Amino acid sequence: MERYRFFAHTADAKFQAFGETLEEAFSNAALATVSLMWDWERIEHKVTHPVEVEGRDLKQLLSGFLEEIIYLLDTKSFLLGFPENIKIEEKENRYTLKALFKGDHYSDRYEIFGDVKAITYNEMEIENSGRFMVQVVVDV
Amino acid sequence: MDLKKINDYTWEIPKSGDMKVPTVIYTSSKLLEGVKRDRTLQQAKNVACLPGIQKMAYVMPDAHQGYGFPIGGVAAFDLENGIISPGGVGYDINCGVRLLKTEYTEKDIHGKRKQLLTEIFKEVPAGVGKGGIIRLNRNALLEVCVKGAEWAVENGYGMREDLMRTEEYGRMREANPRHLSHRALERGIPQLGTLGAGNHFLEIQKVSEIYDGDVAKVFGIHSRDQILVMIHCGSRGLGHQVASDFIRLMENKIGSRGLPDRELINAPVRSPLGQQYYESMSAAVNYAFANRQMIAHWVRNVFKKIMGSSEGMNQVYDVCHNVAKIEKHEFNGRIQDVCVHRKGATRSFGPGREEIPELYRAVGQPIFIPGSMGTASYILVGTREAEQLSFGSTAHGAGRVMSRHEALRRFRGERIKEDLEKRGIELQSTSWKGVAEEASQAYKDVDEVVKVSHKVGIGKLVAKVVPVGVMKG
């Protein structure tokens, strides 16, 4: 199944990511975000970072989840290769997400070709029509 | 959409529905075609619906679709009933441009262009995921956020005189880092003194045309082929984090119900949350001023090393492109304090404004409008008309017309470098793909953008500059 697809957006980058489950769609959204900066398939899985985020709704959860990628890049020079074991739970109208980020620290072996400044809510969609689709516009 | 042509360079969307004021678009028939293709006009209409907006919502000639506010959007809000919005400033708080002049001509540096660029590339960290040369401790970072470019000068980066030639004199007094999140500080520590990536760049330029010799002379620009250095960058991850944090805080506290776009989230200017955002945004503004101050210092060092001297490398000015500020403006027959949001717009203050340093007060403030990679950039001067027509604002750049993804599909970085070299422009970058994304074909025609600014009168042409060396982040 197609993981993600990009669409024309003048200033920023807009994509849809797909999944059989919400977790899979979130995971593919992370890979789509990363694909704007480096080739995630070429990142070795040497370092792991546990990730935990919260949100008052699914959109806030998604934006917080994707922000983790930028945060770990900026502060730990961590390049995400793949997000594993994603679990999303809802308890009393609060959503939590746990995942394990696998990847590597930046080195000259990797080319970084783009910058994602922030995740925006602009045109953000989360849909479930048999399979899940999340749409995100990121500020690049 | 009801779009009324007022004259050759002004269109209006009259008030309708929830709009509290009309929307005015400064553009040309040619630029308007591009603007109509994306959501710019709808976004500008949304801005016109926000509480406490004054006079009009303005759209600058380089406008394109943003998130919440359009890029190239200007709006002023009443301090009592109005709002402040992180989406009205943007994620890259105080993304801006600093211009240094030199007393060298193109002939002087011709054989050393490559060497200058290579050396600058070594001195000024650029690209994604790589930190800077210096690593601050937390207290030093807090001081940067309070004192801005002043901190940099006190720590040996540049001259006191540079401060005078910086918007806000390099330091927003309202800044307070006490509400910056741990994450914002964590991201700020390794990135101070770095150019970043994306559309950020550093260019060695030469003056190619002077339109207003008298004003140019006041700015220190006196002849064709004079060499200048332009630095374009912002507040890096610290600023982005401030924007994301406050969008979230405002959502959690106020909620986004009823807003046509979640990115229009806002708080009353005078509310505690509104003030906390203003203080934090100002701290990020200061971080960006310090950042450009340090980069300017390194550039001077390189000229000293390669050319033998950095004598006469005065700063022309340093302007913000993404900011909200409390300013005095005269409208409806009286002078009022308003919170002016400029998102992808440059302040354009005319002669006499006290915010402008004395040395420029008789002519108006310098304005820099960078073009796309490898194309011309322009120096303009602020006007009194702008204060009447756009709360003292004009364009900030060329403005994209093509997505990065599309640019990446169509262009190759290696090819762009070859083409630039044929035209006598050296290029260095951290990434070929990054170069392709910034291809000049992906941008509007900057010549047309500044023509509109000049014709409308919101920023008058002073000089045109073209690149001879480009360092792309």
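**Exercise 1. How many residues does the contact take from chain A, and how many from chain B?**

Solution. In this predicted model, the contact draws 30 residues from chain A and 39 residues from chain B. The next step is to assign the chain A side to its secondary structure: the elements giving two or more residues to the side that touches chain B are helix 2 (58-76), strand 6 (118-129) and strand 7 (131-139) of chain A. Helix 2 of chain A supplies the largest share of that side, with six residues. Sorted by class, the side of chain A that touches chain B holds 15 nonpolar, eight polar and seven charged residues.

**Exercise 2. Determine which residues of helix 1 of chain A are buried, and find the elements against which they pack.**

Solution. Begin with the helix itself: helix 1 of chain A, residues 22-35, has 14 residues and reaches 20 Å from its first C-alpha to its last, which is close to the 20 Å expected at 1.5 Å a residue. Within this helix, the buried residues are A:A25, A:F26, A:S27, A:N28, A:A29, A:A30, A:A32, A:T33 and A:V34. Their packing partners in chain A are strand 1 (4-7), strand 2 (13-19), helix 2, strand 4 (78-91) and strand 7.

**Exercise 3. Repeat the analysis for helix 10 and helix 11 of chain B.**

Solution. Helix 10 (residues 236-254) of chain B packs with helix 11 of chain B at an angle of about 170°, their axes lying 9 Å apart. With the cut-off for roughly antiparallel set at angles over 145 degrees, these two helices of chain B are therefore roughly antiparallel to each other. Among the residues of helix 10 of chain B in this contact are B:L238, B:V242, B:F246 and B:L249, while those of helix 11 of chain B include B:L273, B:Y277, B:A284 and B:Y287. The contact of helix 10 with helix 11 of chain B has 11 nonpolar, three polar and two charged residues.

Conventions:
Residues are numbered from 1 along each chain as its sequence is written. Chains are lettered from A and ligands numbered from 1 in the order in which they are written. This is a predicted model: local features need pLDDT of at least 70, side-chain atom pairs count only at pLDDT 80 or more; totals for chains, interfaces and linings use all residues. Two residues are in contact if their C-beta atoms, placed from the backbone, lie within 7 Å. Helices (H or I, at least four residues) and strands (E, at least two) are DSSP runs, numbered from the N terminus. Ala, Val, Leu, Ile, Met, Phe, Trp, Tyr, Cys and Pro count as nonpolar, Asp, Glu, Lys and Arg as charged, and the others, Gly among them, as polar. The expected span of a helix is 1.5 Å times one less than its number of residues. A residue is buried if 20 or more other C-beta atoms lie within 10 Å of its own, exposed if 12 or fewer, and partly exposed in between; C-beta atoms are placed from the backbone. Axes are lines fitted to C-alpha atoms, for helices over the stretch in contact, and angles run from 0 to 180 degrees between N-to-C directions. Angles under 35 degrees count as roughly parallel, over 145 as roughly antiparallel, 65 to 115 as roughly perpendicular and the rest as oblique.
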